[in-house]
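Hi everyone, thanks for coming. Let me put the sequence and the structure up on the screen, and then I'll walk you through a few parts of it.

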Amino acid sequence: MSLLEIKDLKVHFPIKSGVLVDRTVGHVYAVDGVSLDIEAGTTYGLVGESGCGKTTLGRAVLRLVPVTGGEVWINGVDLAHLPEEEMRRSRRQAQMVFQDPLGSLDPRQNIESLLMEGLEVHGVGAGRSERRRYVLDALDAVGLPERALNRYPHEFSGGQRQRIGIARALVLEPDLIICDEPVSALDVSIQAQVLNLLEELQRERGLTYLMIAHDLAVVRHVSDAVGVMYLGALVEEAGSDALYTDPRHPYTRALVSAVPVPDPVVEDARERILLQGDLPSPADPPTGCRFHTRCPWRQEERCDTERPELRPVGEGHRVACHYAEEIAAGEIAPRGVVGPG
Amino acid sequence: MAARTQRIDRLAELTAARREEAEGRGVWREAFARMSRNPMAITGAAVVAVFIVVAVLGDLIAPYGPTEQNWGDEVFPNRNVFVGPRAENWLGLDNLGRDQFSRMVIGARQTLMVGVVAAGLGFTAGALLGGVSGAAYALGGAAGRRVDTVLMRVVDMMLALPSLLLAVSIAALLGQGLVTVMVAVGTAQVPIFARLLRGAMIAQGGRDYVLAARALGARRRRIALAHILPNSMGPILVQLTLSLATAIIDAAALSYLGLGNPDPSVPEWGTMLADAQRFLSGAPQLAVYPALAIIVTALGFTLMGEALRESLDPRLRK
Amino acid sequence: MPARPLLAVHDLAVTFTQRRRRDVRAVDGISFSLGEGSVVGLVGESGCGKSVTSLALMGLLPPRGVQVSGRALFRPGGGDAEVDLLSLPTRRMRDLRGRELAMVFQDPLSSLNPVVPIGRQVTEILVRHRGLKGAAARSAAAELLERVGIPDPRRRLSEYPHELSGGMRQRALIAMAVACRPRLMIADEPTTALDVTIQAQILELLKELVTEEGTALLMITHDLGVVAGLCDEINVLYAGRVVEGAPRHDLFRAPTHPYTSGLLRSIPRLDAPRDEPLTPIRGTVNDAIEWADGCAFAPRCDNYAEDCLGGPPDMREERTGHRFRCVHPVHGRAPGVPEPTATQGGDR
């Protein structure tokens with residue numbers, strides 16, 4: 001059963017201009033029609049490069065950014081169309097873990113007050129002692145000692161701060177936790193500690209994760225299903241293993257081929273698909289397939305004019321490319337591939 | 001087993017030796033601890049402390065009354081001879097034969113009052129304006145931005161007038177007197193506080209911890225009052241100490257222009273400075289004392305403000 | 001006997017001193033060498049001293065509050081004469097920078113002057129170090145930009161840094177670095193701020209420059225994946241010292257220091273099956289103890305034993321070119337199994 005169902009979600013940020021009266025002169029199409037389902041108790045990974053809209057998508061689920069269109073269903077309720085106050089109360093079901101562990105903790109709050117806040121705003125627990133029990137439980141779950149309670153965020157290391165961030169999300173016992181780049185600000189040796197903690201919590205508490213990250217290796221490691229975003233849209237969605245063994249979309253292929261692997265043998269044998277140029281502006285996305293300006297397999301006419309739909313190509317595998325089959329069969333030759341050596 | 005424990009202990013000892021002791025101190029207490037080690041802050045605080053003690057206990061410290069002219073058959077009234085410092089009058093006598101030291105000491109109270117009330121007025125009104133504006137901008141969506149725009153245009157208009165001109169026009173409205181000076185000087189400070197607080201709040205409003213509080217489901221009021229506002233207080237508290245200094249100088253300027261309290265029994269440094277200018281060639285010391293006092297006091301507050309700013313600077317925090 | 005290295009660093013140590021604060025020994029005796037036209041990596045986490053090392057070599061550390069010791073012998077022009085980069089007079093050093101030594105930083109935006117067009121920043125170097133003038137310098141600059149893969153270089157010359165994307169800025173910075181065909185280029189996390197597809201482009205460009213221009217590259221990064229495909233030789237740093245150094249195939253096939261092997265087991269690999277568990281290294285880099293007291297990694301090490309304390313472990317070399325600083329190396333043994341405890345006491 002899916003816990004989270006996103007249907008045709010759109011977030012367009014107006015670009016304002018003007019001195020006294022703001023006029024809208026255009027839109028940034030940060031998220032432009034994304035649909036996806038997340039099964040309860042599983043992890044859905046969302047990857048893409050900066051500016052692809054993955055962070056905005058995560059925030060839109062909790063309506064931390066205004067939603068332009070579409071639906072977000074959690075536990076049978078469409079969050080996208082809830083009145084403000086009900087939305088605020090619904091945030092208890094879905095919590096968030098942020099990239100910057102220090103920046104996302106109020107420097108003036110000690111850990112007790114940080115963890116207490118969620119309980120207070122939702123009126124959970126009768127009285128301070130019961131709340132304190134919840135707080136201690138969450139703290140214990142993330143592996144921090146009780147004496148952490150009267151310390152302040154700046155007194156902890158990066159990894160510990162991220163544990164505090166996770167505890168804050170955990171204390172409200174949400175069904176869904178949206179993790180936005182939870183380990184990218186941490187040292188390499190600390191990342192595994194946090195990733196393992198997240199997995200452990202999922203096993204113990206049956207949590208569902210939406211894991212947003214730019215690091216494909218991290219996302220693959222923790223996710224059951226992975227969606228790849230490019231310029232505000234999903235271009236491919238597949239099981240975690242299939243995404244690496246059988247990527248269908250040209251962008252996914254390029255991404256997979258670009259991630260460095262700490263193994264010289266693999267690195268030397270690898271074919272790299274080098275993309276041309278940079279990401280186009282999300283304020284002025286290309287017509288047709290949004291990837292056509294950089295695609296090594298681009299075909300005349302159709303790719304430039306017709307936007308491909310996300311269509312199923314296998315069990316739990318969807319791709320938004322007109323020529324996915326032809327590319328897989330090797331019928332179309334790519335440009336810009338760097339061979340081994 | 002015992003050997004193993006011992007080894008671990010030795011390791012823990014070495015590890016602990018490298019680590020700074022975490023003490024569970026908040027940002028403000030850290031800042032205070034840093035300030036107490038800063039010579040600039042200590043100097044400033046000492047000057048301000050002396051000033052405050054003198055201001056509060058002025059009547060007890062002053063050897064004579066502010067209007068006492070009882071010097072027997074002294075030279076008075078002889079306009080061209082001034083009595084300089086001597087054993088019974090440490091700073092000499094002024095043009096009317098009053099003890100300059102006593103008047104300086106007693107005058108400290110008025111000066112402090114003008115500074116505190118004016119800066120406090122500017123701080124309160126400015127923080128209110130800036131706080132509403134900043135909160136509206138940071139959390140109020142499109143409607144909030146409109147509220148902010150309107151409020152800030154008002155502040156801009158206040159800022160467009162030179163502060164002294166603004167003060168003079170207020171004085172013209174309210175007439176001569178200490179209240180006028182305080183209101184005038186305070187009003188001139190309002191836009192500074194408003195702008196500063198608003199700016200800080202908007203900056204804080206974009207930080208991740210505000211987003212985190214929203215994600216938690218906190219109400220806007222709580223986010224504004226419990227998160228954004230306390231984190232935005234640094235700049236305006238620094239400004240408050242600096243404003244105390246400028247308020248004293250501004251008040252002196254207004255008194256100098258003749259807008260201050262004319263009552264001779266309540267001396268005030270600015271008025272004294274203004275009165276002394278007529279004898280500048282014959283008795284420059286009469287101007288030097290209040291001028292020096294104003295400068296030193298203002299410097300004391302400024303030093304404290306600078307030290308506070310430094311100790312709150314996130315770049316220097318670690 | 002291989003030819004003398006282009007750069008040989010011996011016992012480089014950098015200590016930051018501050019009034020009323022404890023001295024911070026950021027680099028604590030780093031030694032490594034780098035041959036002509038080779039690529040050597042310095043890998044480590046934050047605080048391991050890798051960036052400070054690069055700044056020390058470039059003579060870019062602040063003049064006050066820093067103590068630098070050790071030697072860094074460099075052969076300008078690849079000739080026989082050697083100079084010590086750490087004790088060279090400022091004027092000579094400035095001359096060497098740009099001409100023989102070049103540096104590429106992590107953040108291209110803050111390394112470029114925001115108010116001067118890219119073209120002028122590139123031509124300036126050509127004018128100063130290669131003595132080119134006017135139109136010649138300008139067209140050489142355009143050639144350089146083209147060389148590093150910036151499309152439409154003539155037009156780009158007049159653009160300002162903020163008008164370029166992150167990847168293009170890094171290319172421009174690399175163009176400036178290679179403008180005088182330096183013998184040695186130091187790249188400090190050159191791809192960390194970039195997206196992975198752009199990173200692939202930049203790494204490809206660096207490889208190309210090394211093979212085609214014969215520039216030696218000192219690559220400084222936290223990413224073991226990046227060095228795996230790029231570097232001939234890799235030095236792993238921990239708490240200001242090299243803990244392991246080896247040719248890349250050797251290092252990844254047989255990581256010997258517990259820190260190196262721990263790092264490799266804690267990184268999710270793109271090509272690993274999803275359910276392969278990660279084994280984190282416990283604790284944080286802040287747990288390090290002073291090298292003078294023992295192995296800095298000891299508090300986090302699974303192989304920790306009493307004889308790890310009492311001073312820094314010696315650098316040992318087992319196979320040719322594979323050196324490591326550890327009393328209880330892993331040698332493919334299962335982690336967590338301590339070796340038989342040595343007899344000598346650990347308490348000095």
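Let me start with what I call a contact: two residues are in contact if their C-beta atoms, placed from the backbone, lie within 7 Å. By that rule, 20 residues of chain B are in contact with 25 residues of chain A. Please keep in mind that this is a predicted model, where local features need pLDDT of at least 70, side-chain atom pairs count only at pLDDT 80 or more, and totals for chains, interfaces and linings use all residues. Residues are numbered from 1 along each chain as its sequence is written, with chains lettered from A and ligands numbered from 1 in the order in which they are written.

The most comes from α8(B), with seven residues.

Now over to chain C. Its strands form an open sheet, ordered β2-β1-β4-β5, with antiparallel pairing; two strands pair if DSSP finds at least two bridges between them. At the edges sit β2 (24–34) and β5 (83–84) of chain C, each pairing on one side only. Between β1 (residues 7–16) of chain C and β2(C) there are eight bridges.

Key
Helix = DSSP H or I, 4+ residues; strand = E, 2+ residues; numbered from the N terminus.
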